[in-house]
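Please look at the sequence and the three-dimensional structure shown below. The paragraphs after them are meant to be read with both in view.

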Number of protein chains: 2
Amino acid sequence: MPEQAGGSVFHRDVPWIYLVTDRRACGGRSFFHTVEAALRGGVNIVQYREKAAGTGQMVEEAQAIHDLCRRYGALFVVNDRIDVAMAVNAPAVHLGQEDMPLAMARRILGADVCIGISASSVEEAIAAEQAGADYVGASAVFTTPTKAEAPGIGLEGLAAICRAISIPVVGIGGLHAGNAAAVVAAGGRGVAVVSAIMSAGDPEQAARGIAAEVARTGSTEASQ
Amino acid sequence: MPEQAGGSVFHRDVPWIYLVTDRRACGGRSFFHTVEAALRGGVNIVQYREKAAGTGQMVEEAQAIHDLCRRYGALFVVNDRIDVAMAVNAPAVHLGQEDMPLAMARRILGADVCIGISASSVEEAIAAEQAGADYVGASAVFTTPTKAEAPGIGLEGLAAICRAISIPVVGIGGLHAGNAAAVVAAGGRGVAVVSAIMSAGDPEQAARGIAAEVARTGSTEASQ
Ligand code: NI
């Protein structure tokens, strides 16, 4: 993976504090102010995830968040929409199992763009690595109200995925400061959150709290 | 515009019989059978327009319709989604005023992909031509139940757009066999329809009826 593609996060041995955006989770608060507060609090990857807006609006928002990420040295990721990613020269995209197949996305994006893949089983994670994914988002670690239909893989499922592949694994689903340390202890490169930051009373403090928990575990691991 | 990009339609002096897909307009009928029936009836351009499906499903459907178009010698167009267009090597895309800006799309797609732009005024049509659009979709010619909010530009508005620009103009909005001839008489290169074919009792006959009306007018024009 090239240095440009979020080099600081991918190449330095820092845990990932990975925010997935959800405009509706902000309540009445400004979407961009919430994202910027999260970056101030220590988020080092932001994935722009938007399913409802028109493409023109998505491109404008992606550009704004990409600019924010540059300012804070964070990696910018676009969920699903390769067209939006290319329009704003995003260094990374994230694809779910129902999105464009990885090989097709790689052919369009080339080798220099990071591609993350969602996986909810060891099989999907191995397939993603073999198809050339740069990282895996293991989900859902814990079931959340927004994805009540899918059973969580739990910390055991996450640990199994981490053991099965050698690319970085970020856990997502029901994560917050209270269980973030356990995700890293299970082998995760970091934690991804949506509502734990987007819906927090103080998003900056929420991000800071998660980052502190993860850093504490990381140090403990390193000293063992 | 390269020959590959729907050469038969763009370079020969044939009127465009342009189908815009709408899965919901098919009722209980098969979506693909409806599109194929339209092609058998004389449709020579198909625009795949889908707003609700996931990207993976869109890519599969676009591939299937692209294959159908190749079989019938029709031009295949993808609405809005440049990612889907690139995934299936579509020769053309169509962008609305709320979609990705034309210059951005052109930078991503290159010079060899046809780009059509929706315009509902002379100003928008001129801007589209100046920005490098290959054709304009003038809409809505007549107001339709599905776009009740927008007033129609009428045949006068269509004629004004056709006079103002030199790239091809296809009319869309409330068109059917009964008014298709008037669109060509107003200077349109052809007619685009959704429900007049997708919702017709017999889509092949509906397409044939529109094609016959347009061809009749085209011959009259040519002989004057
Ligand atoms: Ni050409």
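The following text goes from the overall fold to the contact between the chains, and then to individual residues.

This is a predicted model, in which local features need pLDDT of at least 70 and side-chain atom pairs count only at pLDDT 80 or more, while totals for chains, interfaces and linings use all residues. Residues are numbered from 1 along each chain as its sequence is written, chains are lettered from A and ligands numbered from 1 in the order in which they are written, and side-chain values use heavy atoms, with hydrogens and water left out.

Chain A has ten helices and eight strands; helices (H or I, at least four residues) and strands (E, at least two) are DSSP runs, numbered from the N terminus. Of the 224 residues in chain A, 55% are buried. Here buried means under 20% relative accessible area, exposed means over 50%, and partly exposed lies in between (1.4 Å probe, protein chains only). Among the contacts in chain A with a separation of 6 or more, 58% are between residues 24 or more positions apart, where contact means heavy atoms within 4.5 Å.

The next topic is the contact between the two chains. Chain A contributes 19 residues to this contact, and chain B contributes 19 residues. The area buried between them is about 1400 Å², and carbon and sulfur atoms give 60% of it; buried area is the accessible area (1.4 Å probe) that two parts lose on being put together, summed over both. Eight residue pairs, both residues at pLDDT 80 or more, are in polar contact between chain A and chain B. A polar contact is a pair of N or O atoms within 3.5 Å; within protein, one must be able to donate a hydrogen and the other to accept it, and residues adjacent in sequence count only if both atoms are side-chain atoms. On the side of chain A that touches chain B, the elements that give two or more residues are helix H3 (55-72), H4 and H5 of chain A. The largest share of that side, five residues, comes from H4(A).

Charged side chains also meet across this interface. Side chains of opposite charge can pair when their charged atoms come close. A salt bridge is a side-chain nitrogen of Lys or Arg within 4 Å of a carboxyl oxygen of Asp or Glu. In one salt bridge, the side chains of Asp83(A) and Arg81(B) meet at 3.9 Å, N to O. Asp83(A) lies in helix H4 of chain A and Arg81(B) in the loop between S3 and helix H4 (82-87) of chain B, so the pair joins two chains. Both Asp83(A) and Arg81(B) are buried. A network of salt bridges links Arg81(A), Asp83(A), Arg81(B) and Asp83(B).

Which residues of chain A does UniProt mark with the feature "binding site"? The unreviewed UniProt entry places this feature at Asp80(A) and Asp99(A). They span 20 residues in sequence, yet no two of their C-alpha atoms are more than 6.0 Å apart, so they gather at one spot. UniProt positions are given in the numbering used here, feature names are shortened, and annotations may be inferred rather than shown by experiment. Asp80(A) is in the loop between strand S3 (75-79) and helix H4 (82-87) of chain A, and its relative accessibility of 6% counts as buried. Beyond its neighbours within four places in sequence, Asp80(A) is in contact with residues including Lys51(A), Asp99(A) and Arg81(B). Asp99(A) lies in the loop between strand S4 (92-95) and helix H5 (102-109) of chain A and is buried, with a relative accessible area of 11%. A polar atom of the Asp99(A) side chain lies 2.7 Å from the backbone nitrogen of Gly96(A).

The side chains of Asp80(B) and Lys51(B) meet in a salt bridge at 3.1 Å, N to O. Asp80(B) lies in the loop between S3 and H4 of chain B and Lys51(B) in the loop between strand S2 (45-48) and H3 of chain B, so the pair ties together parts that are 29 residues apart in sequence. Asp80(B) is buried at 6% relative accessibility, whereas Lys51(B) is partly exposed at 49%.
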